[in-house]
Amino acid sequence: MEQITSMLTCQEITLGYERQEKALVSGLTLDFQPGHLVCLMGPNGVGKSTFLRVLGGMQSPLSGNVYVGQEGLEALSPQQRARQLSMVFTSAFSPGPISVYALVSMGRYPYADWLGRLAKEDHEHIHQALVMVDIMHLAERKVQELSDGERQKVMIARALAQDTPYLLLDEPTAHLDLSNRLEIFRQLQKLSREQGKGIILATHQLDQALQVADRMCLLTAVGSYHWGSPEDLVLGGQVEATFGQKKLLFDADKGTFGLAHSPTQYITLEGEGLRATWTEKALIRRGLGVKAQQALKVVVKEAPPYWQLAGPTGEIACETVEHLLEEIAKQYPGR
């Protein structure tokens, strides 16, 4: 059977459910290229998971079409589709007492013979997938004994063993700690670049997405979408418009959102470097704004004691940020 390896595209897709009167998003026309990592992002409920299911052929769009090359996705047999698209979803999965190797080998079933037997080439693909995700040392372990991060890597390895041009992932870093989240993003970026995989993932991790994505598709709460490189979407204001709220501020320099603060009291801060930066963060966290020529002044120095608080009652040397905040609270009760 000839394998189709052309670009995955969608034309004029409308997302939603037949029972709903209003579509989630309309007019989605996008090209997903091999070797590119694309992040689908947006507020909850805008259709990210639905879009992935449509791209994977698990759900039909309300209108529009998905193509692999010139072939409509709906025209492909299940086996043909399984050779083009592999999927990793975060829904509850209980594999039972099965080894990591056995679970990853399930990715080769589209290539097995009619008795379900795997050839030498299939086992080579399984081995390669375990190596690519760095879990060869877990091959004989039972999946149910693994941590959430390890189990997620196993599911990605199974999809890689399927050896498809495109890999679709729904919230692959959900419920993982920071270290495992970063590792998963690093592995996916590496796979897209070194293996030429077209990777499409839905995620809420904006900071990581801005670092690794070649393209971003932002689905908005009003049923529209934005498509482009992360940098263009930041510079054009689409990222802030998609996620921004009255209580959130977007730092375009850092590509992060933070809480909006409305200080009623101010303090002067003098100093440079990392220690001064984190001192300002601490002041803001305690509801203080930073402004020149105030009654209280904090001087951040390069040698201990690192903080000097000067005010109407004199000067106080502080050894830690916590000590500094305690002394400021004495001047500004309630802070």
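Q: Which element gives the most residues to the lining of the largest pocket?
A: This is a predicted model, in which local features need pLDDT of at least 70 and side-chain atom pairs pLDDT 80 or more, while totals for chains, interfaces and linings use all residues. Residues are numbered from 1 along each chain as its sequence is written, and side-chain values use heavy atoms, without hydrogens and water. A pocket is an open set of 1 Å grid points, over the protein atoms alone, where a 1.4 Å probe fits, with protein on both sides within 12 Å along at least five of seven lines; lining residues have an atom within 4 Å of a point. With six residues, the top contributor is H10.

Q: Which residues lie nearest the centre of the largest pocket?
A: The lining has 20 residues. Two or more come from each of strand S11 (248-251), strand S12 (256-259), helix H10 (274-285) and strand S14 (288-290); these are DSSP runs numbered from the N terminus, helices (H or I) of at least four residues and strands (E) of at least two. Nearest the centre are Asp-251, Lys-254, Leu-259, Lys-281 and Ile-284.

Q: How are H10 and H11 oriented to each other?
A: The axes of H10 and H11 (residues 321-331) come within 11 Å and cross at roughly 40 degrees. Angles count as roughly parallel under 35 degrees, roughly antiparallel over 145, roughly perpendicular from 65 to 115, and otherwise oblique. The two helices are therefore oblique.

Q: Which residues of H11 make the contact with H10?
A: Contact means heavy atoms within 4.5 Å. H10 takes part through Thr-279, Ala-282, Leu-283 and Arg-285. On H11 the residues are Val-321, Leu-324, Leu-325 and Ile-328.

Conventions:
Axes are lines fitted to C-alpha atoms, for helices over the stretch in contact, and angles run from 0 to 180 degrees between N-to-C directions.
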